Amino acid sequence: DGVEYARASMSPVDRGVIEIAGLSLSEPGIYRFGVSTVDGSMSAISNPIRCADAPASRVYWGDMHCHADYADAVGSVEWNHDFARNSARLDFFSQTDHIYSTPGWATGAFNRPLVLDVRMMWAECQRQARKWYEPGRFVTFLGYERTPWERRQRAGDLTVWFMDDDSDLVIEDTIAATIESVKQAEGRIFVGTHAAQKPDWEHYPEDVETVMPTLEISAMHQHAEWYLFEALQRGYKFATVGMADEHAGHPGYDVWARFGQAGTPRRPFSVRSALTAVFSHELTRMSVRDAFFARRTYATSGDRILLDVAVNGRPAGTELIGKDAVVVDVEVHGTANVERVDIIRGDRLV
């Protein structure tokens with residue numbers, strides 16, 4: 001609206017991030033903040049911000065698939081948590097370094113032979129998840145990526161998330177066995193998938209949705225909407241999430257092409273790291289988990305786009321049966337002009 005609300009100065013010790021106290025929005029609506037240097041040489045506009053009167057839920061942004069220097073990545077576990085909260089300004093986050101497993105040779109479980117001492121890594125991940133967890137400000141999840149050593153089986157990878165900071169590691173020789181162990185945890189653990197590793201659905205039990213409510217369809221490897229289409233054709237009902245799978249110490253804002261360290265090949269091009277939006281009434285571990293299982297999530301390719309979809313007045317994630325006309329309401333507020341909105345039923349553009 002052209003009104004100047006505040007001025008601030010920045011020094012090198014601020015590391016590019018400053019906080020301005022006292023700014024607030026008093027009227028419902030969609031807002032964007034513009035920021036510019038005093039001389040006007042640089043400027044930017046924020047992502048859209050929705051202001052509502054006592055909303056039933058809010059949109060929170062997070063990344064639940066990230067790596068650190070325990071695996072094929074850079075930056076310590078602590079560094080990645082710090083960047084996620086204080087630089088990328090994520091609302092929720094999980095550090096999910098690789099733990100390798102293959103039939104007959106599982107690493108990482110405390111009661112089995114180890115090829116690397118993942119107990120040290122697991123203890124550090126526990127410490128950092130506990131240290132950075134601040135309900136209402138920044139939600140952390142203890143986690144890891146279960147990576148089969150022999151990938152030619154095309155069983156895919158799983159990200160495994162824990163609700164407790166002191167949880168023992170749960171990992172098995174196969175995806176089916178891992179999922180069965182997660183079921184035994186009775187809601188204290190849940191899992192996700194990997195956009196870069198095409199799963200063979202024959203490895204997954206029919207009731208996998210009881211512990212895996214979402215599919216990762218966007219990461220900095222690729223966009224994988226086809227992954228969701230195949231699952232829908234098989235009768236699964238999943239929501240979508242976007243995860244960076246970042247390896248360069250920038251969770252929430254990473255691009256593989258500028259990486260190429262620690263033995264990971266440099267790429268001539270890459271898509272941006274992805275983000276997940278959840279609709280939740282509060283910012284806690286349980287509320288974020290509940291949003292996953294209610295399928296109240298969506299994926300973006302890194303931009304914080306506000307998206308609201310309802311079918312016959314029911315919010316996204318709902319199951320409903322009806323014989324009357326289907327009315328789809330869509331509200332989108334982008335970070336640039338919206339060119340188009342595609343409606344897809346099953347795997348067909350309608």
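In β17, which residue is the bridge partner of A310?

Modeller: It is P315. Keep in mind that this is a predicted model.

For contrast, turn to β5, which spans 58–66. Two partners matter here. Five bridges join β5 to β14, residues 275–280, and these two strands run antiparallel. G62 has T276 as its bridge partner in β14. Three bridges join β5 to β6, residues 92–95, and this pair runs parallel. There, the bridge partner of D63 is F93. Eight of the nine residues of β5 are buried, so the strand is largely enclosed by the rest of the structure.

Next comes the loop that runs from β5 to α1, where α1 covers 77–87. S76 lies in this loop. Its relative accessibility is 30%, so S76 counts as partly exposed. Leaving out residues up to four places away in sequence, S76 touches A68 and D69. The side chain of S76 also reaches the backbone nitrogen of W79, at 2.9 Å. S76 and E124 are 48 residues apart along the chain, with 9.8 Å between their C-alpha atoms.

Now the aromatic rings. The structure holds 19 aromatic pairs. Take W122 and Y144 as one of them. Their ring centres are 5.9 Å apart and their planes stand at 75 degrees, so this pair is edge-to-face. W122 belongs to helix α2, residues 118–132, and Y144 to strand β9, residues 139–148, so the contact ties together parts 22 residues apart in sequence. Both W122 and Y144 are buried.

W201 and Y236 make another pair. Here the centres are 5.0 Å apart and the planes are at 35 degrees, so the pair is tilted. It links distant parts of the chain, 35 residues apart. W201 is in the loop between β11 (189–193) and β12 (214–218), while Y236 is in the loop between α4 (225–233) and β13 (239–242). Again, both W201 and Y236 are buried. The two belong to a cluster joined by ring pairs, which also takes in Y204, W226, Y227 and F238.

Some of these names return in the largest nonpolar core, which has 36 residues. Y144, F162, W201, Y204, M212, L215 and F238 touch the most other members. The largest share, five residues, comes from α2.

Two arginines also sit over rings. The charged end of R285 lies over the ring of Y133, 4.0 Å from the ring centre. R296 places its charged end over the ring of F279, 4.4 Å from the centre.

Conventions:
Residues numbered from 1 in each chain as written. Predicted model: local features only at pLDDT ≥ 70, side-chain atom pairs only at ≥ 80, totals over all residues. Heavy atoms only, no water. Pairing = 2+ DSSP bridges. Helix = DSSP H or I, 4+ residues; strand = E, 2+ residues; numbered from the N terminus. Phe/Tyr/Trp six-rings, centres within 6.5 Å; stacked < 30°, edge-to-face > 60°. Buried < 20%, exposed > 50% of the residue type's maximum accessible area, 1.4 Å probe, protein only. Lys NZ or Arg CZ within 6 Å of the ring centre and 35° of its normal. Core = buried A, V, L, I, M, F, W, Y, C linked by side-chain atoms within 4.5 Å. Contact = heavy atoms within 4.5 Å. Polar contact = N/O pair within 3.5 Å; in protein donor to acceptor, adjacent residues only side chain to side chain.
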